[in-house]
Amino acid sequence: MTAIIIIVAVVVLLVFMVIGIYNSLVKLRNNRENAFANIDVQLKQRHDLIPQLVATVKGYAQHEKELLTKVTEARAAAMSATGINDKIQAENQLSSALAGLKVSLEAYPDLKANQNFLQLQGEISDIENKLAATRRYFNTATRELNNKVETFPSNILAGMFGFHKEPMFEVPKEERAAMDKAPEIKF
């Protein structure tokens, strides 16, 4: 009789352990999805401001049409991206295009002094800072999920229930080399 009680207690303990691990995996997955939803909120603001910035810049820099077209196309691609991984790639391309636009605009002192442009530039800088913060949070949520998916004993249940390691929001390898160089400052 004592052996049966011990066996039942062990089985009940294992069931509660499995339930606890499964629930923690679900919470971590949902936390990651929520973190990406926060990124989406910031991206929506960014996408709404870009046409205004482009319209302002077009008035001053007609000959920079190719650069502005690149920003517009990157924005359109980012808005039509589906799935977290596609959105990450599209947003990295848009960030790259916006960085090129900012560098190009430094050659136009009249544009930099335009009040509408200054306001839009400030708003975009604010959104970019918020995006950076939400991306860090997303990567933290992703790391926590990945740790749970890859560590024992939760890795066993993760595999059984279809949980897997998820990608981080990272800078593409093509841009990494440029970022590793120190910025050149000219006066």
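Guide: Start at Thr142, which is found in helix 5, spanning residues 115-150. Helices here are DSSP runs of H or I with at least four residues, strands are runs of E with at least two, and both are numbered from the N terminus. The model is predicted, so local features need pLDDT of at least 70 and side-chain atom pairs count only at pLDDT 80 or more, while totals for chains, interfaces and linings use all residues. Residues are numbered from 1 along each chain as its sequence is written, and side-chain values use heavy atoms, with hydrogens and water left out.

Is Thr142 buried or exposed? Thr142 has a relative accessible area of 0%, so Thr142 is buried. The cut-offs are under 20% relative accessible area for buried, over 50% for exposed, and partly exposed in between, with a 1.4 Å probe and protein chains only. Contact means heavy atoms within 4.5 Å. With neighbours within four places in sequence left aside, Thr142 is in contact with Arg32, Glu166, Pro167 and Met168.

Two of those partners also meet each other. Arg32 and Glu166 form a salt bridge, with the closest N and O atoms 3.7 Å apart. This pair links distant parts of the chain, 134 residues apart: Arg32 is in helix 1, and Glu166 is in the loop between helix 6 (154-160) and helix 7 (173-180). A salt bridge is a side-chain nitrogen of Lys or Arg within 4 Å of a carboxyl oxygen of Asp or Glu. Arg32 counts as buried because its relative accessibility is 4%.

The structure holds four salt bridges. One of them is between Lys87 and Asp40, where the closest N and O atoms are 3.1 Å apart. Lys87 lies in helix 3 (residues 84-105) and Asp40 in helix 1, so this pair ties together parts that are 47 residues apart in sequence. Asp40 has 27% relative accessibility and therefore counts as partly exposed. The side chains of Lys165 and Glu150 also meet in a salt bridge, at 3.9 Å from N to O. Lys165 lies in the loop between helix 6 and helix 7 and Glu150 in helix 5, so here the parts tied together are 15 residues apart in sequence. Lys165 counts as exposed because its relative accessibility is 52%, and Glu150 is partly exposed because its relative accessible area is 46%.

Not counting residues up to four places away in sequence, Ile39 touches Leu131, Thr134, Arg135, Phe138 and Phe169. In soluble globular proteins, nonpolar side chains tend to be buried together.

Next come the rings. Rings of Phe, Tyr and Trp (its six-membered ring) pair if their centres lie within 6.5 Å; planes under 30 degrees apart count as stacked, over 60 as edge-to-face and the rest as tilted. This rule gives three aromatic pairs. Phe36 and Phe138 form an edge-to-face pair, 5.4 Å centre to centre with 65 degrees between the planes. That pair links distant parts of the chain, with Phe36 in helix 1 and Phe138 in helix 5, 102 residues apart. Both Phe36 and Phe138 are buried. Ring pairs also link Tyr22, Phe161 and Phe163 into a cluster.

Last, the setting of this part. The protein has seven helices and zero strands. Buried residues make up 33% of its 187 residues. Of the contacts between residues at least 6 apart in sequence, 78% join residues at least 24 apart.
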